[in-house]
Amino acid sequence: MDLVNLIKDAGVIGAGGAGFPTHAKLTSKAEYILLNGAECEPLLRVDQQLMDLYADEIIKGLEAAGRTIEASKAVIGIKGKHKEVIARMRSRIAALGLASYMEVMELRDSYPAGDEQVLVYELTQRIVPEASIPLKVGCVVINAETALNIFNAMSGKPVTHTYITVAGDIPYPITVKVPVGVPIIDVIRLCGVENIDGYAIIDGGPMMGPLLNGVEGYVTKKSKGYVLLKKEHFLIRKKSVNLDQARVIGRTACEQCRMCTDLCPRYLLGHNMQPHKVMRALSYNIEDIKELQIAQLCCECNACELFSCPANLHPKSVNIIYKKKLAEQGIKYQPLQIDFQTRSAREYRLIPSKRLVAKIGLTAFDVPAPMIQIEFRPSYIEIGLRQHIGAPAIPVVAVGDEVKEGQMIGRIPDNSLGAAVHASLAGTVMEVKDNSIVIKVG
Ligand code: SF4
Ligand code: SF4
């Protein structure tokens with residue numbers, strides 16, 4: 001079987017973002033294959049440790065993906081501050097005889113260095129056009145955990161586990177390998193907090209992750225981290241503001257200073273994303289659709305909302321409000337140009353990670369989260385049928401079936417974009433729901 005089909009059968013999806021099915025990404029040809037090892041979300045410590053622990057596997061997975069798309073060059077982006085990881089990756093690339101094909105480039109410690117379009121620019125000096133994807137400029141981007149999953153797929157191993165950092169205002173920040181489908185609470189319990197009643201939990205990184213509504217959910221292939229903070233923490237109060245509140249506050253308080261725009265990573269790449277204009281449209285009830293379409297250029301990195309705005313407003317949330325309105329009306333942003341130049345001030349306006357961490361009140365919690373080994377034996381696991389972009393997987397098991405670890409339990413619907421799902425632990429199928437399959441473990 002060729003690599004694309006192995007990856008398809010293994011259910012590999014983008015582990016670092018929206019969960020785009022990886023096999024679909026690798027059907028195109030591109031000049032560059034890029035490895036996103038930036039891990040720019042504060043407190044998360046997954047990729048930097050995976051690249052240290054599984055350097056050979058990640059390098060081989062990246063190489064295989066690169067050869068599949070006929071890339072002439074593979075480039076790995078890692079923040080320069082991770083000196084040991086960089087040294088290890090470089091020495092393993094040389095030892096594996098791949099130095100003429102693959103290189104490691106050092107990234108600056110700024111936010112959002114891991115935004116796909118920022119990464120493409122930093123590694124290749126190419127600018128992905130507005131409302132487009134890296135392929136448009138000859139690049140395919142995968143992240144470190146995805147490359148590891150590609151390597152595993154090469155030997156027939158499906159994606160059954162994910163790596164998660166548990167961090168925040170807790171005694172023991174850790175990073176751990178977790179079977180997909182394990183109850184989130186089982187992972188949270190490892191943090192050393194006896195009673196989590198006074199805490200709120202961010203699902204993912206502190207910048208882009210939403211607040212969890214509760215701990216009743218289950219780990220997915222995309223789960224990357226849980227950040228626990230006291231409910232009164234600035235970040236939790238800020239993330240608790242709903243879209244309607246964000247709209248009302250923004251209408252009354254925006255002073256049009258345009259700091260949100262001047263520091264916006266997409267604006268700095270030369271795109272027309274200008275959040276202050278969207279805020280202006282909100283304040284003055286401007287219904288000029290042309291002006292508002294720019295909201296669709298927002299990557300929701302949250303830099304404007306959590307760092308740039310001196311009035312502590314919510315430009316990203318307002319962008320989301322307008323994105324929804326535009327989608328309802330079927331309006332899509334129409335780029336006015338195809339060639340882009342970065343703004344001349346970009347070099348001076350990158351957001352230093354340390355300052356960002358201080359601004360969002362996380363300096364005290366910006367500590368290592370070492371990888372530890374834990375065997376999870378939950379009573380039940382619940383495997384989501386739609387952990388990815390595309391159509392949900394179709395169950396191929398029925399209630400009462402015995403399943404083995406790694407067995408496919410949901411397949412991609414015919415002629416659709418999607419990803420297969422697998423049992424992460426052996427057991428008996430107890431329930432087949434619309435969106436998930438429940439397995440009694442053991
Ligand atoms: S930074 Fe804040 S106050 Fe300034 S224009 Fe943007 S939303 Fe308005
Ligand atoms: S969230 Fe804010 S800073 Fe980030 S891309 Fe959107 S408008 Fe720009």
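Which residues are around ligand 2? In this predicted model, the residues around ligand 2 are C264, P265, P275, C298, C299, E300, C301, N302, A303, C304, K316 and N319.

**Shell around ligand 2**
- Two elements, α15 (303-308) and α16 (315-328), each give two or more residues to the shell around ligand 2.
- Sorted by class, eight residues of this shell are nonpolar, two are polar and two are charged.
- Among the cysteines around ligand 2 are C264, C298, C299, C301 and C304.

**Sheet**
- Strands of a sheet pair through backbone hydrogen bonds, in either a parallel or an antiparallel sense.
- For β7 (residues 174-179) and β11 the sense is parallel, and the pairing extends over two bridges.
- Within this pairing, V176 stands opposite I372 in β11.

**Cysteines**
- A disulfide is a covalent bond that joins the sulfur atoms of two cysteines.
- With a cut-off of 2.5 Å between cysteine sulfur atoms, the count of disulfides is zero.
- For C40, the closest cysteine sulfur is that of C301, and because it lies 8.7 Å away, it is too far for a bond.
- C40 counts as buried because its relative accessibility is 13%, under the cut-off of 20%.
- C191 also counts as buried, with a relative accessibility of 0%.

Technical notes
Residues numbered from 1 in each chain as written. Chains lettered and ligands numbered in written order. Predicted model: local features only at pLDDT ≥ 70, side-chain atom pairs only at ≥ 80, totals over all residues. Heavy atoms only, no water. Near = heavy atom within 4 Å. Helix = DSSP H or I, 4+ residues; strand = E, 2+ residues; numbered from the N terminus. Nonpolar A, V, L, I, M, F, W, Y, C, P; charged D, E, K, R; others polar. Pairing = 2+ DSSP bridges. Buried < 20%, exposed > 50% of the residue type's maximum accessible area, 1.4 Å probe, protein only.
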